[in-house]
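Colleague: Could you take a close look with me at one part of this model, the place where two chains meet? I'd also welcome a word on how the neighbouring pieces are built.

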Amino acid sequence: MKHTKKNAVEKFNLIRDIKKNKLLYLFMIPVIVYFIIFHYVPMAGIVVAFEKYFPRKGIFGSQWVWFKNFENFFKGAYAGRVIKNTIIISVLEIVFSFPAPIIFALLLNEVKNAKFKKVVQTVSYMPHFISSVVFCGLVADFCSSRGFITDFIVMLGGTRQSLIGNADYFRTIYTISGIWQTVGYGSIIYMAALSGVDKELYEAAMLDGANRLQQTWHVTLPGIANTIVMLFILRMGSFLTVGSEKLLLLYAPSTYEVADVISTYVYRKGILDADFGYSTAVNLFNSVINTALLILTNKISRKVSDMSLF
Amino acid sequence: MEYIKKSPSRVIFEIINTIFLVLVTICFLLPMWHVICCSFSDPQKLNINFGAVLWPLGTPTLSGYEMLGNNTALWKAYGNTLLYVAAGTSFSMILTTIGGYCLSRKCFGLRKALTLFLSFTMLFDGGLIPTYMVVKALGFVQTRWAVIIPGGVSVMNLIIMRTSFEQVPSALEEAARIDGANDFQILWRIFLPLTKATTAVIALFYAVAKWNSWFHPSIYLSGKRDLYPLQLILKEVLINSSITDMVSSSDDFMVSQAKILIKYVVIVVATLPILCIYPFVQKYFTKGVMIGAVKG
Amino acid sequence: MKGLKKIACLLLAMLMILSMAACNPTNPTEKETEKQTEKATEKTDETEAPTEYQFPEGAEISIWMEGINYDPQVGISTRSEMLCWQTIEEMFGVKLNFIEPAYGTKADALSILLASNELPDLFYTKKADFDAHGGLDSLIEQGAILDFGEYIDEYMPNYASYLYQDGTFKSDDLQRATMTATGKIGMISPIMKTEQGPWLGYVVRQDWLDELGLEQPVTYDDWHEVLTAFKEQKGATGALWLNARGSDQVGIFGAGYDITGLGSTVANAFFQKDGKVYYSCLEEGYKNYIAMLAQWYSEGLIDPDFYTSTLIRCEKDMSLIASGKVGACASSINYFPNYATTTGVEGMNFQPVTYPVLEEGQTTHVRIVNTIICDEGWVISADCENVEMVCRWIDALWTQEAIDVLNFGKEGVTYEIVNGEAQFNDMVMNNPDGLTKYQARTKYASTAGMVYDWMRDGFTEEVLNTQNHLWLDTNDGAYVIVNKSLTSEEGDEWSSIMADVDTAAVEWTVKFITGQKSVEDDWDEFISIIKSMGIERAIEIYQAGVDRYMTLPVK
């Protein structure tokens with residue numbers, strides 16, 4: 001398969017291909033135009049990472065400082081901390097938040113009672129429909145020193161304190177609340193994949209004497225493996241892009257030490273301090289690392305499972 | 001499957017699984033219930049309260065809803081949001097489907113190059129301000145187009161679409177081609193019906209994202225209140241003054257007593273409709289998935 | 001592969017073209033000549049018709065202002081619904097197009113707007129909002145906004161008469177307060193009708209004090225005693241309310257230690273003694289102050305969640321005060337007299353007290369200084385097409401009639417002229433729809449008229465006494481840096497140093513207070529961190545700015 005593809009690339013002739021796939025090319029035009037206008041043209045803005053940028057002077061009128069912005073970031077007081085925090089939070093998300101919807105979908109799939117299944121499913125989507133502003137407000141409310149989650153912990157013998165403001169608990173709260181919000185919604189895609197698994201395969205496995213666990217292992221999981229791998233590769237591509245919106249709404253000075261990540265730092269620098277060149281530089285660094293990780297995961301995946309994004 | 005007797009471990013598993021899912025469901029419901037109860041509470045009592053509210057405080061009252069009912073801005077925003085969701089989702093689905101289809105075609109020579117071309121945008125972006133300038137150059141700023149078109153295509157969704165198209169057996173396509181069908185007909189008559197589930201899921205993804213979005217509208221529609229979607233109004237009601245907001249004169253707004261109540265009422269009003277729509281869409285999900293059956 | 005390369009080339013070409021189209025700034029020379037011709041025509045106009053300026057038919061002005069903090073009971077969501085602005089539109093026949101980013105998003109919105117290079121005619125906002133963009137001086141230099149200086153003489157006679165003549169205030173003081181470091185006028189700010197004393201101070205629950213038989217607290221020791229009693233006998237779990245920076249709006253609570261607290265903005269922690277600038281965190285007094293707060297926090301006298309609050313003052317969200325968890329907090333004279341009616345809690349009675357001190361009889365030096373001009377105002381953008389018309393319009397706001405409209409609404413509807421002075425009538429003071437006078441006022445009148453009548457709400461003698469004596473007599477405000485003038489380079493450097501220092505200062509302060517770090521053991525580490533971030537350089541810059549301010553050339 002691979003071999004033939006390679007040959008195809010070598011012989012590739014654009015004109016002949018256009019003639020052959022006229023309609024496909026026609027189809028692609030709007031998509032390509034869309035991406036050029038809304039993604040590639042703005043990308044020219046990345047050059048301000050190498051400037052001391054003043055909007056009024058424009059890209060060509062501002063002063064070029066080349067790698068000064070990057071230098072300032074890495075020499076600055078916060079580079080180490082925001083990179084470390086970003087990695088930790090991202091790893092937590094990949095280890096806990098990524099598999100959660102898969103497990104949830106599998107458990108739900110085992111439920112026989114259709115009504116119960118539907119109720120659980122419907123309820124589990126609800127949190128996703130709450131906008132993040134409201135959501136974070138609720139989290140902060142429940143985890144304050146008077147919140148009912150705190151009440152619960154005091155009941156279990158803990159001390160009364162603000163959980164959300166405590167650096168020791170922040171990441172736990174962040175991760176758990178993240179799962180709470182996305183698990184149901186995230187499972188939709190897996191449920192769809194699960195419903196696509198061939199029923200005959202189960203029957204065949206059953207005839208072979210496989211029990212439910214074995215069926216899950218040998219039939220269900222391979223059936224949705226495509227989806228899992230694809231989503232995983234994509235997740236790796238945004239490894240360093242930890243959602244800033246939620247963090248901005250939840251963190252406080254007392255938790256900066258564990259919660260300040262690259263994207264929140266970029267936001268503070270770029271929008272609030274209006275240091276456009278500097279924040280673009282940090283963002284560019286972020287993108288480069290993400291790209292490297294995406295390519296790496298893709299390569300590994302292609303080797304191990306013969307599946308890849310491109 | 002009923003004819004196979006359940007093993008004891010299976011029974012235990014099912015019991016634990018059920019209990020677990022019930023607990024999970026309660027975890028999902030409790031905060032919502034809290035919000036709903038708060039929205040019917042006595043505003044005075046609500047101000048004093050901390051912690052969970054499991055039953056409306058004081059005499060249940062509709063005063064919050066009445067106050068909101070008089071607010072024409074809210075209903076207008078409701079209409080806007082519905083328009084944005086409908087138009088935005090249609091636009092997104094068209095591009096996503098044709099994009100996903102083209103990239104799933106093995107015979108398409110630029111397939112790999114174009115996948116790269118699209119994926120690249122997930123990693124690098126020019127950032128908020130350059131994008132804003134492009135949108136402005138197109139004349140979209142402060143018009144409805146700014147909410148409908150920019151950010152319309154998610155590469156992630158496009159790739160999911162592509163993956164699902166790839167799983168359609170090629171035999172079907174070949175058969176259709178022999179019958180003289182072109183790509184458009186193949187996409188419309190064979191691929192879309194066969195991948196109904198994925199298509200529906202992705203349409204829902206887009207719709208919910210549009211429903212919840214406030215950040216881009218707040219930038220592109222800044223100041224055009226007539227065009228505001230619901231979430232922007234919601235945000236206005238929810239966000240308090242921030243600490244960086246220094247005032248030198250003692251003159252600013254006194255926050256009214258009912259503000260907390262209104263907060264909860266608005267959450268309910270803005271969230272309930274999309275929750276109610278969901279079960280109808282869900283019914284559709286569990287039906288149409290037939291990929292496996294094609295083989296036979 | 002070939003195909004890919006072709007695409008890449010094509011892309012690059014398109015990128016170049018489009019980015020140039022999108023980002024190239026307007027040619028400066030072109031713009032200048034345009035302006036010159038404009039000026040020339042204006043001048044000829046004036047010689048032909050020296051009579052009163054007429055606003056052109058169908059004139060429109062776009063104004064950027066932060067959106068209103070929406071109050072469902074008031075029900076107004078934009079300024080075009082406000083009576084005072086509607087009246088101003090009618091008076092001058094100039095249509096006003098308000099561009100109002102949602103309340104709470106003005107920093108983001110302003111950043112994007114300035115970056116997008118297409119500006120409205122006017123901004124009306126806080127001066128501090130432009131600090132992140134290098135300040136007014138820097139923006140004038142970049143060509144984003146215009147210097148009013150050259151237009152005041154020409155188009156703004158009413159304003160000039162306030163600015164260049166000694167009236168309620170000395171012209172020199174007004175001019176200095178208005179100018180930038182290089183002597184330009186980037187902002188036209190409302191002038192106070194009369195000087196206002198310190199409107200911010202501490203209030204405590206007098207009803208609890210009376211019930212417990214306690215005196216009003218004077219020294220920190222008294223405060224400790226009172227707060228402990230509040231906590232133990234009244235169940236106040238957050239007896240003392242502090243903002244998330246372990247301070248209050250301007251850092252008054254620590255004033256007894258001869259420093260300021262972190263206040264609510266980066267600049268609050270700077271103070272001056274005999275012309276020399278200091279940064280609080282580096283001073284011994286600050287360490288002692290924080291050690292005291294840490295002790296109080298561990299005893300449960302301070303709101304346990306203080307560091308998660310987003311409020312500048314706790315009265316901005318009355319739920320805390322209504323809950324009875326708060327026994328003392330910083331308050332504005334506009335607010336505390338109304339706590340009982342706003343919360344509906346019977347018997348609640350907050351009374352003002354003097355600023356806390358170490359020893360009785362001590363004079364403190366930090367407070368809200370007497371205000372002569374507001375720190376907000378009009379800024380005119382370089383994209384404004386008809387500069388004369390816009391300047392004339394601003395000037396028209398300085399006529400007595402417009403001043404009254406902005407302060408009070410519409411004559412006969414919301415105010416009457418009594419003995420030559422405007423006064424709110426019952427529409428505001430006893431609103432028929434049941435709005436409080438503050439709600440009614442926000443519905444009909446602007447936040448500030450050009451000559452800002454802060455007395456318009458009708459304060460009682462008692463409240464005015466608080467401001468004019470209780471919060472003034474024991475505090476000379478000598479440490480407060482009223483104004484400084486930084487050049488644009490200085491401003492840039494200062495704000496980039498302070499962005500880091502301030503983050504660290506807040507973070508460490510909170511950790512010391514909550515006991516996550518020990519004041520005894522970890523203080524030196526904190527000091528060395530902010531020193532490594534360049535705090536000493538920031539102080540130097542500030543010093544230069546303060547020195548320069550006094551030497552600004554005035555007319």
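**Where chain A meets chain B**

Modeller: Happy to! The contact takes 67 residues from chain A and 71 residues from chain B, with two residues counted as in contact if their C-beta atoms, placed from the backbone, lie within 7 Å. Please keep in mind that this is a predicted model, in which local features need pLDDT of at least 70 and side-chain atom pairs count only at pLDDT 80 or more, while totals for chains, interfaces and linings use all residues. Residues are numbered from 1 along each chain as its sequence is written, and chains are lettered from A and ligands numbered from 1 in the order in which they are written.

On the chain A side, the elements giving two or more residues include α3 (22–43), α8 (114–129), α11 (167–195) and α17 (276–305) of chain A. Helices here are DSSP runs (H or I, at least four residues), strands are runs of E (at least two), and both are numbered from the N terminus. The top contributor to this side is α3(A), with 14 residues. Sorted by class, the side of chain A that touches chain B has 40 nonpolar, 19 polar and 8 charged residues. In this scheme Ala, Val, Leu, Ile, Met, Phe, Trp, Tyr, Cys and Pro count as nonpolar, Asp, Glu, Lys and Arg as charged, and the others, Gly among them, as polar.

Now for the partner. Chain B has 14 helices and 0 strands. Among contacts in chain B between residues at least 6 apart in sequence, 72% join residues at least 24 apart.

Chain B is also split into domain 1 (8–61) and domain 2 (71–241 + 251–295), with bounds from an automatic or database domain assignment. These two domains of chain B meet through 8 residues from domain 1 and 8 residues from domain 2. On the domain 1 side, α1 (8–39) and α2 (43–48) of chain B each supply at least two residues, and α1(B) has the largest share, 4 residues. By class, that side of domain 1 of chain B has 5 nonpolar, 3 polar and no charged residues.
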